[in-house]
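The sequence and structure come first, and the notes follow.

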Amino acid sequence: MAEPKKKNPVGRPTKYDPSFPDDLIAFFDVEPYRELVDQNGKKYLMPNKFPTLAGWCGEKRIHRDTMHEWVKAYPDFSDAYKTCKELQENNLAQGAMSGAYATAFSVFTAKNVLGWRDKQPDEVVEQKPVEIRIVNATGPSDD
């Protein structure tokens, strides 16, 4: 009996490598800044390169859509991705609080990359009229 014919896979083979979860975490696990000393002995903070998913994808020469497909397809990569988002959030918070990152960059990144939002009131409070009575020092008048 003849062996069944094997189907040829459609499309390119994946570039995914089992080392990618560790590579992703290593890329994001950086200090937000380093302390430098100028020639006068004054210390200042120099921001390190802020880790982004676009940066990691560029380093691996893959499209961001491909990375998101890997998040769905590989549980280890999905866990690493979630860890990296937390590392990125901590990096931004620490860098912003230390003054290493510009305020505008920090706010923009927190809102557009990390999904932070300004807190808005959840409901409108009903305003009720207030009664005001004017009394003199001797007591209310009978007028």
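Leaving aside neighbours within four places in sequence, glutamine 88 is in contact with Phe28, Phe50, Pro51, Thr52, Val113 and Leu114. The model shown here is predicted. Glutamine 88 is found in helix H4. Its relative accessibility is 1%, and the cut-off for a buried residue is under 20% relative accessible area, so glutamine 88 counts as buried.

**The chain as a whole**

The protein chain has 5 helices and 2 strands. Along the sequence, these elements follow the pattern α-β-β-α-α-α-α. Of the 143 residues in the chain, 22% are buried. Among contacts with a separation of 6 or more, 56% are between residues 24 or more positions apart. The accessible surface of the chain comes to about 12,000 Å², and carbon and sulfur atoms account for 52% of that surface.

**Helix H1**

Phe28, one of the residues in contact with glutamine 88, belongs to helix H1, which covers residues 20–28. Which residues of H1 are buried? They are Phe20, Pro21, Leu24, Phe27 and Phe28. Seen down the axis of H1, these buried residues fall within an arc of 125°, so they line one face of the helix. An α-helix has 3.6 residues a turn, so residues three or four places apart point the same way. On the other side of H1, Asp22 and Ala26 are exposed.

**Two exposed residues**

Arginine 61 lies in the loop between H2 and H3. Although arginine 61 is not a glycine, it has a positive phi of about 60°. Is this residue buried or exposed? Arginine 61 is exposed, with a relative accessible area of 66%.

Isoleucine 132 is found in the segment after helix H5 (103–112). This isoleucine is exposed as well, at a relative accessible area of 71%. Together with Val130 and Ile134, Ile132 forms a nonpolar patch on the surface. The accessible area of the three residues together is about 420 Å².

The table lists the relative accessible areas given above for single residues.

| Residue | Relative accessible area |
|---|---|
| Glutamine 88 | 1% |
| Arginine 61 | 66% |
| Isoleucine 132 | 71% |

Note on methods
Residues are numbered from 1 along each chain as its sequence is written. This is a predicted model: local features need pLDDT of at least 70, side-chain atom pairs count only at pLDDT 80 or more; totals for chains, interfaces and linings use all residues. Side-chain values use heavy atoms; hydrogens and water are left out. Buried means under 20% relative accessible area, exposed over 50%, partly exposed in between (1.4 Å probe, protein chains only). Helices (H or I, at least four residues) and strands (E, at least two) are DSSP runs, numbered from the N terminus. The arc is that of the directions from the helix axis to the C-beta atoms. Contact means heavy atoms within 4.5 Å. Patches are made of residues with over 30% relative accessible area and no salt bridge: like charges are joined within 9 Å, nonpolar side chains (Val, Leu, Ile, Met, Phe, Trp, Tyr) within 5 Å. Accessible areas come from the Shrake-Rupley method with a 1.4 Å probe; for residues, only the protein chains shown count as cover. A salt bridge is a side-chain nitrogen of Lys or Arg within 4 Å of a carboxyl oxygen of Asp or Glu.
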